[in-house]
Amino acid sequence: MNAHPWKRIRFERQLSAYLDGELAADETDAVGERLVFDADARQQLRAYEQLDALTHSALIPAHRPDPEVAAEHLLQAIVADEVDRTAAAEDPPRRHLHPALLASIGLLVTAGVALAGLRRRGLV
Amino acid sequence: MRNPAKRQIQVHASRESERIRLILKGDAEAFRSLVREYYPLTFDLAFKMLGDPQDAEEVVQDAFIKIHQALGSFRGEASLKTWILRIVMRLSLNRRRDRARSAWHRLGLNRGEGNVHQDDSPVPSPTGGRNPEEQYISGETRRQVLDLVDQLPDPLRQVLILNSFEDLSYEEIARILDIPLGTVSSRIYSARKKLLRALEQRDLF
């Protein structure tokens, strides 16, 4: 392969894209042509191919859930979610009075009762 | 070559918009068909990102619930597949980060003890060996390969995993990760280079 490190890296990057079928037509032709004559380039390409095959095999899940069953579970979950939301919308949470407001009301009632008692006794 | 897959996406575009319209109208069968079509792909992506089938199942379930809720906001700028995979990728990354933050994980007491992939079952050999022994890469080799993939920096690992899906082009990977096309190409190259070196160091290559 090319001796100049920068050019070598550039070619290896091209080779990587070539393997994925992602080069433009003219670049594909150029790489293809080089592969015919360059044994190092062929070896590098083989290494990438084997690496891909190895990693792809390793990453495959050994078991995959049945999409039909998954679809049913999902539909049930979505329906349950919608039922919950509808119920929440139809039954809005009760409004709770602020504790400070409750305390004020309590004080007013107490004051009113006390005032009425004082008036009854003729003190006010 | 990936071009046929790209053409297929274009052909299915109108079918997808019709299906979206039906789902938004509340058609359960249309949603079922969407799940049936995309479940294998989304499960594989979540599994490859997380290495745990249980986590992958939960992430995919969350993803489809979000997809169902957000389908009305899908504008069709990217393909439906790209949009779905973006959601799965985002949720998988969130799950991975949450897991990394958990005390169990920090103490090295997570279920996988370093390697997130739990399943040590042998899988078909990439070279398709001639006898049954050659047809499977051993559980130990698989564990080591996954360990090395897991140790790659996040940006490299993400492109490597997405590139392992035959029908995803660099352009689609760029859209899913929201990065420039040239970055996809250079990251895939860097990931291959790093992984190759690491495998050679462990005498696995």
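Modeller: Let's start with a rule: two residues are in contact if their C-beta atoms, placed from the backbone, lie within 7 Å. Please keep in mind that this is a predicted model.

Biologist: Thanks! By that rule, how many residues of chain A are in contact with chain B?

Modeller: On the chain B side, 43 residues take part. Their partners in chain A number 33.

Biologist: And which helix gives the most to the side of chain A that touches chain B?

Modeller: Three helices of chain A each supply at least two residues: α1 (5–19), α3 (39–59) and α4 (67–90). The residues on this side divide into 19 nonpolar, seven polar and seven charged. With 11 residues, the top contributor is α3(A).

Biologist: Let's turn to the largest nonpolar core. Which helix gives the most to this core?

Modeller: This core has 52 residues, and those touching the most other members are V35(B), A46(B), V60(B) and V88(B). One of them, V35(B), is found in helix α2 of chain B. That helix, spanning residues 28–50, contributes 11 residues, so the name you want is α2(B).

Biologist: Is V35(B) buried or exposed?

Modeller: A residue needs 20 or more other C-beta atoms within 10 Å of its own to count as buried. V35(B) has 21, so V35(B) is buried.

Biologist: Leaving aside neighbours within four places in sequence, which residues is V35(B) in contact with?

Modeller: Chain B provides F64(B). From chain A come P67(A), A70(A), A71(A) and L74(A). Together, the contacts are F64(B), P67(A), A70(A), A71(A) and L74(A).

Biologist: How far apart in space are V35(B) and I87(B), C-alpha to C-alpha?

Modeller: Along the sequence, 52 residues separate V35(B) and I87(B). In space, their C-alpha atoms are apart by 14 Å.

Biologist: Now for a helix pair: are α2(B) and α4(B) roughly parallel or roughly antiparallel?

Modeller: Helix α4 of chain B covers residues 80–101, and its axis comes within 9 Å of that of α2(B). The axes cross at roughly 30°, and α2(B) passes α4(B) in a right-handed crossing. Angles under 35 degrees count as roughly parallel, so α2(B) and α4(B) are roughly parallel.

Conventions
Residues are numbered from 1 along each chain as its sequence is written. Chains are lettered from A and ligands numbered from 1 in the order in which they are written. This is a predicted model: local features need pLDDT of at least 70, side-chain atom pairs count only at pLDDT 80 or more; totals for chains, interfaces and linings use all residues. A nonpolar core is a set of buried Ala, Val, Leu, Ile, Met, Phe, Trp, Tyr and Cys residues joined through C-beta atoms within 7 Å. A residue is buried if 20 or more other C-beta atoms lie within 10 Å of its own, exposed if 12 or fewer, and partly exposed in between; C-beta atoms are placed from the backbone. Helices (H or I, at least four residues) and strands (E, at least two) are DSSP runs, numbered from the N terminus. Axes are lines fitted to C-alpha atoms, for helices over the stretch in contact, and angles run from 0 to 180 degrees between N-to-C directions. Angles under 35 degrees count as roughly parallel, over 145 as roughly antiparallel, 65 to 115 as roughly perpendicular and the rest as oblique. A crossing is left-handed if the near helix is turned anticlockwise from the far one by less than a right angle, and right-handed if clockwise. Ala, Val, Leu, Ile, Met, Phe, Trp, Tyr, Cys and Pro count as nonpolar, Asp, Glu, Lys and Arg as charged, and the others, Gly among them, as polar.
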